Amino acid sequence: MRTQHAQLDLWVRRYGTNSNSYVLLEGPKSYFTSPDVDGFLAYQISAGIALIAGDPVCAPGDARRLIHDFCSAVMKPVGAYQVSPENLEAFRAEGFTDLQIGKEALFDLDQFSLCGGKMELVRAATNKARRAGVVVSEHDPFAFDADQLNEELREISREWLKSKGNRELGFVLGSLGLERQSAKRYYVARSENGTGRIEGFIVCEPIFGRSGYYLDVTRRRPDAVRGTMELLTTEILRRLRVEGYEMASMGVAPLALLDDPDLADHPLVARLMRFVYQRVDTHYDFKRLYRYKAKYHPHAWEPRYFCFSQRRLSVNVLYALIDVRKHTTVEKVFVREGLQAQVKTWKHAASFVVAFCWALLSSSW
């Protein structure tokens, strides 16, 4: 297993261009390789469906071959979650149907600045946190004196998850990763001029193929100093720019900015995705998530897709996606919202589709 992990790590460093490429190395995933391709696919099997996590990790010209060999080997319906535009044609060439599921917030670090009117709110929040004595620093969780801060990170994470229904979303999301050394980078915001408690933190994953980082695991205390996360985010982007990195990602805003004309081929799913985005509000609020990322004014919103080998989305595919995401059921969502009566009238027609929308959530912000 150690040799396998080392080889997977090497491939990610060589070919990983998706923001979640490095995340593929963790969690309960299986890995497919082909003797004809230098690279791999990460996947899980649920409900008789093979679900690929992210993009194929290989040279762009080899993606179609790797997808073809995988489909031939598993002999099951296949889905691929969070596919980038660069790999979309490879899936289409293998007969996959695709559905836009959101857009990813990307930053050109050379252009990022807090100056200007459009950044006024973010700038005011960061200044407020600075005046309150919040200081951002990079934390090494494997330093000889790191145990106390590591436990504080775990405590904050546990409390944050309670506010989100005690569910750690997996599949294409990273974890704290405090159990073993990795290429993750940990940034913490501490009060009292850097000597007090941790107010919040962000764990970043490298995007080797694009000279950047993905601001992935993001946690804060419920009573954190106002402006803590804005200060953390902008300070990380500033430091990465100074270090010579080219780009950064804040991850996907699920169901936001859906503008792919191919959505017209899936009218029911498209209408329900837009309904969930506009109307459903529980622990994870899609619209609020988009607005939070949008206020930093990303330089690009790059589309992400769900690809599936069947002509239409099936119940099994939707269930499998929900299962690997370990998210909530749609009935529980609407019961919490006080809409139990409405659910009874149409849940059999739409529950799996709406649950699919919930399974699209791909950020821990």
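Is R185 buried or exposed? R185 is buried, its relative accessible area being 12% (buried means under 20% relative accessible area, exposed over 50%, partly exposed in between, with a 1.4 Å probe and protein chains only). The model is predicted, so local features need pLDDT of at least 70 and side-chain atom pairs count only at pLDDT 80 or more, while totals for chains, interfaces and linings use all residues. Residues are numbered from 1 along each chain as its sequence is written, and side-chain values use heavy atoms, with hydrogens and water left out.

**Overall count**
- The whole structure holds 24 salt bridges, each being a side-chain nitrogen of Lys or Arg within 4 Å of a carboxyl oxygen of Asp or Glu.

**E138 and R185**
- These two form a salt bridge, with the closest N and O atoms 2.9 Å apart.
- Because E138 lies in strand β6 (residues 135-139) and R185 in strand β7 (residues 185-190), the pair ties together parts that are 47 residues apart in sequence.
- Strands are DSSP runs of E, at least two residues, and helices are runs of H or I, at least four, numbered from the N terminus.
- E138 is partly exposed, at 39% relative accessibility.

**E155 and R221**
- A salt bridge joins E155 to R221, with 3.5 Å between the closest N and O atoms.
- E155 is partly exposed at 34% relative accessibility, whereas R221 is buried at 12%.

- R304 and E302 meet in a salt bridge of 2.8 Å, N to O.
- R304 is buried at 1%, and E302 is buried at 13%.
- A network of salt bridges links E104, R210, E302 and R304.
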